[in-house]
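Load the model in a viewer and keep the selection panel open.

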Amino acid sequence: MNTIPDLIDLLPHDTPLALVDKLIDVQELSIHCQVIISDKNVFFNHETNTIPAWVGIEFMAQTIAGWSGYHAWKKGNKSPIGFLLGSRKYKAECSEFQQGDTLDIFAEQILENNGMAVFSCYIECNGQQIASSQLNVFVPTEEKLEELLAPKQDEQ
């Protein structure tokens, strides 16, 4: 029986930019992660003891990255690099997340085609939905990633 690695091992991020703390559940098309709002987060405001609610989009994106990393791990592959292409209708019921809050982040894939995908995402705090969005993401193949990251050569 395989034990699922820690979330940090499924993300293509390193500390301090890995913002999502814990993998709670992962299924074929969905994932549930958690973040505890603390001063360890690079976006933490030490004057207000909060994180701006717009960081919720990155929490959602990293939750999706955890889902992608988990499915790569199941196949014996490393976590792929993905790109957040955009978000649709990000709505937050608050302007800041408070220190000590435990945020539950949920993401479900609703469409996928050739590495392009759309996920429906939301964030809960104490069982109440406080943010939601649809995120458009792209996970290229290794070959396509190398092509995208290769320096452009001048035509002669």
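Helices and strands here are DSSP runs, numbered from the N terminus: helices are H or I with at least four residues, and strands are E with at least two. The model is predicted, so local features need pLDDT of at least 70 and side-chain atom pairs count only at pLDDT 80 or more, while totals for chains, interfaces and linings use all residues. Residues are numbered from 1 along each chain as its sequence is written, and side-chain values use heavy atoms, with hydrogens and water left out.

**Stop 1: the sheet**

Select the strands of the open sheet, which number 6 and follow the order E1-E2-E6-E7-E8-E4 with antiparallel pairing. Strand E1 (22–26) and strand E4 (83–92) form the edges; each has a single partner strand, so one side of each has no neighbour in the sheet. From one strand to the next the twist averages 20 degrees. Two strands count as paired if DSSP finds at least two bridges between them. Strands of a sheet pair through backbone hydrogen bonds, either parallel or antiparallel.

E1 pairs with strand E2 (residues 30–36) in the antiparallel sense, over 4 bridges. To see one of them, pick aspartate 25, whose bridge partner in E2 is histidine 32.

E4 and E8 are antiparallel and pair over 7 bridges; alanine 92 has alanine 131 in E8 as its bridge partner.

Next, select E7 with E8. These strands run antiparallel and are joined by 10 bridges, and serine 120 is bridged to glutamine 134 of E8. The hairpin of E7 and E8 has 2 residues between the strands, and asparagine 126 takes a positive phi there, near 55 degrees.

**Stop 2: the helix across the sheet**

H2 lies across E1, E2, E4, strand E6 (102–113), strand E7 (116–125) and strand E8 (128–138), at about 60 degrees to E8. Axes are lines fitted to C-alpha atoms, for helices over the stretch in contact, and angles run from 0 to 180 degrees between N-to-C directions.

Pick phenylalanine 119, which lies in strand E7. Is its side buried or exposed? Phenylalanine 119 has a relative accessible area of 2% and is therefore buried (buried is under 20% relative accessible area, exposed over 50%, partly exposed in between, with a 1.4 Å probe and protein chains only). Setting aside neighbours within four places in sequence, the residues in contact with phenylalanine 119 include Ile64, Trp67, Ala107, Ile110 and Leu135; contact means heavy atoms within 4.5 Å.

**Stop 3: the largest pocket**

Which residues lie nearest the centre of the largest pocket? They are Trp67, Ser68, Pro80, Ile81 and Val139, out of 31 lining residues. The space in this largest pocket is about 770 Å³. On a 1 Å grid over the protein atoms alone, a pocket is an open set of points with protein on both sides within 12 Å along at least five of seven lines, and lining residues have an atom within 4 Å of a point. Grid points are joined across faces, edges and corners, and the volume is the space filled by probe spheres set on the points.

Colour the lining by element. H2, E4, E6, E7 and helix H3 (142–149) each supply at least two residues, and H2 gives the most, with 10 residues.

**Stop 4: the cysteines**

The structure holds 0 disulfides, a disulfide being a pair of cysteine sulfur atoms within 2.5 Å. Cysteine 33 is buried, at 0% relative accessibility. Cysteine 94 is partly exposed, at 28%.

**Stop 5: backbone details**

Select threonine 15 and proline 16, which are joined by a cis peptide bond with omega of about 10 degrees. Proline 16 sits in the loop between helix H1 (7–10) and E1.

Move to asparagine 49, in the loop between E2 and strand E3 (50–52). Its phi is near 55 degrees, a positive value in a residue other than glycine, and asparagine 49 is partly exposed at 34% relative accessibility.

Finish at asparagine 114, in the loop between E6 and E7. Its phi is positive, near 55 degrees, and asparagine 114 is exposed, with a relative accessible area of 69%.

Definitions and conventions
On a 1 Å grid over the protein atoms alone, a cavity is a set of points where a 1.4 Å probe fits but cannot get out, and a pocket is an open set with protein on both sides within 12 Å along at least five of seven lines; lining residues have an atom within 4 Å of a point.
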